[in-house]
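Hello,

Here is the structure I promised to pass on. My notes follow below it.

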Amino acid sequence: MRRLTEYRRHTGKLEQPVTFLAVSDLHGGAYDDILAWAEQADALLVPGDIANRYRQSVEEGLRFLHDAAQKRPVFFSPGNHETALRDYDAFLRRAQQTGAQVLVNRYVRFGPLWIGGWYSPEIVGVPDMLDAFEALDGVKVLLCHKPEKYIQHMRQRDLDLVVAGHAHGGQIRVLGRGVYAPGQGLWPKYTRGVVDGRLIISAGASNPNRMPRWGNPCEVLKIILD
């Protein structure tokens, strides 16, 4: 069962609110409900892991980008499942043909906003763009798949909204805390919800693991930015 979780981020910089649907960690899962929810949004933010590296499968994820882009502007940045594909470059070429904006350490204008996508430069082979992105005038929205990377690289930067996923909500939640997250280990701190008032972490739209989720429903985020 997948739920729609709503957050509001107030910047005081926008004349009109902008509504995003944030879809992280789809991993090739079904998405009909997401396309229906897209009607409520101005654009979709997809911070990584539409693919499934365990099966090396990309078709459903690419189909999602294409179908979503027929409804609303879509902004996609890669996650670790994409960068672990045997032919990551071929995947990127195909993603760029879906109609989505593919943001690999780059940014684009969207109305009164700047939207960027960041991944570790040493992995994707694309230079870091954080200094240039931070220097822009206007509201800055950044996709960053791994929330721990926000803590390491972005916490002190002038950004208005950062959207992440990756942690799958901690997979199993006990007393409001996740049990395990890749990159953070046992009892991770950054698995879902809001950090610093501006990092919003999705618990993920699907589950590619054999381990079941418990106390931790899959989710898509509706983020109202004003």
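Which residues have the most contacts inside the largest nonpolar core? They are Leu21, Val23, Ile34, Leu44, Phe64, Leu65 and Phe91, in a core of 32 residues. Five elements each supply at least two residues of this core: α1 (32–37), β3 (43–46), α2 (59–69), β4 (74–76) and α4 (88–96). A second, separate core has 22 residues, including Phe20, Phe75, Leu113 and Ile223. Please keep in mind that this is a predicted model.

Take Ile34 as an example from the largest core. Beyond its neighbours within four places in sequence, Ile34 contacts Arg2, Leu21, Val23, Leu26, Phe64 and Val220.

Now the overall fold. The protein has 7 helices and 16 strands. Its radius of gyration is 16 Å, close to the 17 Å that the globule rule gives for 226 residues, so the protein is as compact as a globular protein of that length. The C-alpha atoms fill a box of roughly 45 × 40 × 35 Å along the principal axes. Of the 226 residues, 58% count as buried. Among contacts between residues at least 6 apart in sequence, 65% join residues at least 24 apart.

Last, the surface. The accessible area of the protein is about 9900 Å², and 49% of that belongs to carbon and sulfur atoms. Val174, Leu175, Tyr180, Leu186, Trp187 and Trp214 form a nonpolar patch there, with about 750 Å² of accessible area together. Tyr180 sits in strand β12 (residues 180–181). Tyr180 counts as partly exposed because its relative accessibility is 44%.

Best wishes

Terms used
Residues are numbered from 1 along each chain as its sequence is written. This is a predicted model: local features need pLDDT of at least 70, side-chain atom pairs count only at pLDDT 80 or more; totals for chains, interfaces and linings use all residues. Side-chain values use heavy atoms; hydrogens and water are left out. Patches are made of residues with over 30% relative accessible area and no salt bridge: like charges are joined within 9 Å, nonpolar side chains (Val, Leu, Ile, Met, Phe, Trp, Tyr) within 5 Å. Accessible areas come from the Shrake-Rupley method with a 1.4 Å probe; for residues, only the protein chains shown count as cover. A salt bridge is a side-chain nitrogen of Lys or Arg within 4 Å of a carboxyl oxygen of Asp or Glu. Helices (H or I, at least four residues) and strands (E, at least two) are DSSP runs, numbered from the N terminus. Buried means under 20% relative accessible area, exposed over 50%, partly exposed in between (1.4 Å probe, protein chains only). A nonpolar core is a set of buried Ala, Val, Leu, Ile, Met, Phe, Trp, Tyr and Cys residues joined through side-chain atoms within 4.5 Å. Contact means heavy atoms within 4.5 Å. The radius of gyration is taken over C-alpha atoms; the globule rule is 2.2 Å times the number of residues to the power 0.38.
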